Amino acid sequence: MPPLVNFQGALGADSHETSTRPRVSLRRAVITSGATALLAGCIHSPLPGTTPTAPGPAPVGAIAYPEPGPPYPASTNDPFYRQPAPARLAGMAPGRIIRYRPISPRAYRISHVQARAWQFVYRSTDTQGAPIADVATLLVPPKPRRRLLSYQVAYDALNPVCAPSQEIVRGTMIEQWFVSKALKRHWPVVLPDYEGPKLAFGAGRNAGYAVLDAIRAARALAPLQLINRRTPVAPWGYSGGAFASLWAGELAGNYAPRLPLIGIAAGAPPANLLASARHIDGGAFAGIYFEAALGLARAYPQIDLDRLLNERGRAMKHKLAHSCLAQELAGVRDPLFSGYSFTRMKRYVTVDDLLSMPTVATVARANRLGGHALPAPLYYYATWFDQLTPRDEARALARRYCDRGTVVHFDWKLGDHLLSAVAGANKAMDFLAARFDSQETPRGHRPTDDCPDIRRRWPTEPSS
């Protein structure tokens with residue numbers, strides 16, 4: 001039997017955090033519970049009937065697993081998540097389903113998701129081009145329409161318990177509200193664990209490949225009368241989820257040119273990792289910079305943390321090694337509440353400026369968005385008071401896509417990074433709905449193209 005998937009990657013052999021979880025204050029618990037109750041809207045019972053082992057014909061060569069039940073094991077202890085032998089993976093095509101199982105999806109711990117659901121392990125590709133096995137979840141609502149939404153959750157995690165495939169069975173996914181809005185429109189939804197088995201937070205290619213291959217696999221798992229090779233597909237995500245969605249779009253032309261992507265919605269993505277790191281270093285959100293540095297090191301072994309981190313930095317690495325950003329329902333450490341606000345990276349490294357190190361700068365530039373045209377129109381909503389991405393960088397990313405021939409509909413949201421996620425959701429869904437519907441009408445729908453105005457008003461790159 002192959003060994004369990006190694007979630008520690010380049011960060012060492014620490015086990016997943018169990019007994020060392022930080023205590024959550026009563027105030028934070030009340031705020032989180034109240035907010036998620038409002039987002040849930042109402043309490044749902046499970047759909048009647050029994051979910052079949054597979055939604056359609058069993059995928060050829062894939063192994064059927066039974067439905068998991070509570071208490072749900074950590075993915076590191078669940079045979080469903082095991083990585084196949086490298087030689088077996090190398091012989092599979094990207095998107096090939098390896099194993100699958102039905103699940104009972106839950107929302108905000110106390111409610112059921114109104115959809116039949118299945119999880120599947122599929123062959124994908126990591127940052128270095130090596131074959132890996134990723135996991136995704138397919139949700140099929142009652143009376144589904146012939147379309148597929150790939151929703152990328154911004155789970156921003158170094159801890160496997162925060163992966164969407166784990167949160168959907170535990171009912172701890174903060175972004176379930178957005179997923180449920182899509183299900184209410186009768187859209188099937190696929191949720192990829194796009195950070196991969198090493199939880200390589202911030203690695204763009206790793207995420208993009210995982211999204212594209214999850215779409216391939218979902219099409220193989222679903223019934224042909226519901227999803228087939230001609231069924232229109234659209235990626236959507238916010239923040240880290242937008243980063244993964246855009247990387248999927250940028251890679252699709254060479255990696256998955258036959259996927260019928262008809263539109264992409266992306267809200268407040270980290271457009272330029274170098275700029276975002278400098279923007280938040282020393283501020284309230286500095287912990288995100290520290291967490292992302294650890295995540296990138298998992299995907300890029302040339303970032304030698306043993307050499308770059310001083311004693312204080314090694315303690316920081318140990319403290320954040322199993323953290324997740326803004327996943328309070330999962331009960332794990334959050335880098336925003338770990339004591340790193342208003343501190344600078346230079347306190348934790350052996351060099352004067354980590355971002356000026358050639359290896360680090362090269363990796364950060366390799367993960368900057370906007371290097372390739374997108375294969376479909378883009379709805380890009382940015383945040384005017386974004387704590388993570390400077391406004392100039394948002395403008396520059398829109399300009400880069402325009403200059404490469406992408407149709408861009410650009411929209412500012414007057415709020416901060418958190419509030420704009422909710423403020424932009426309806427317009428993002430309306431944009432994708434119009435793109436989906438355009439495939440069913442003779443003339444189709446031509447989205448607004450803001451590129452002429454973008455080119456006229458904004459420079460190619462920020463002046464800084």
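Which loop holds R333? R333 sits in the loop between α10 (311-320) and α11 (358-366). Helices here are DSSP runs of H or I, at least four residues, and strands are runs of E, at least two, numbered from the N terminus.

A word on the model. It is predicted: local features need pLDDT of at least 70, side-chain atom pairs count only at pLDDT 80 or more, and totals for chains, interfaces and linings use all residues. Residues are numbered from 1 along each chain as its sequence is written, and side-chain values use heavy atoms, with hydrogens and water left out.

Back to R333. It is buried, at 13% relative accessible area. Buried means under 20% (1.4 Å probe, protein chains only). A polar atom of the R333 side chain lies 3.0 Å from the backbone oxygen of K319.

Pairing takes at least two DSSP bridges between two strands. β2 (residues 97-103) and β5 (residues 116-125) run antiparallel over six bridges. Y100 has F120 in β5 as its bridge partner.

Last, S111. It is in strand β4 (residues 111-112). S111 is buried, at 2%. Its C-alpha is 6.7 Å from that of S45, 66 residues apart along the chain.

Note on methods: Buried means under 20% relative accessible area, exposed over 50%, partly exposed in between (1.4 Å probe, protein chains only). A polar contact is a pair of N or O atoms within 3.5 Å; within protein, one must be able to donate a hydrogen and the other to accept it, and residues adjacent in sequence count only if both atoms are side-chain atoms.
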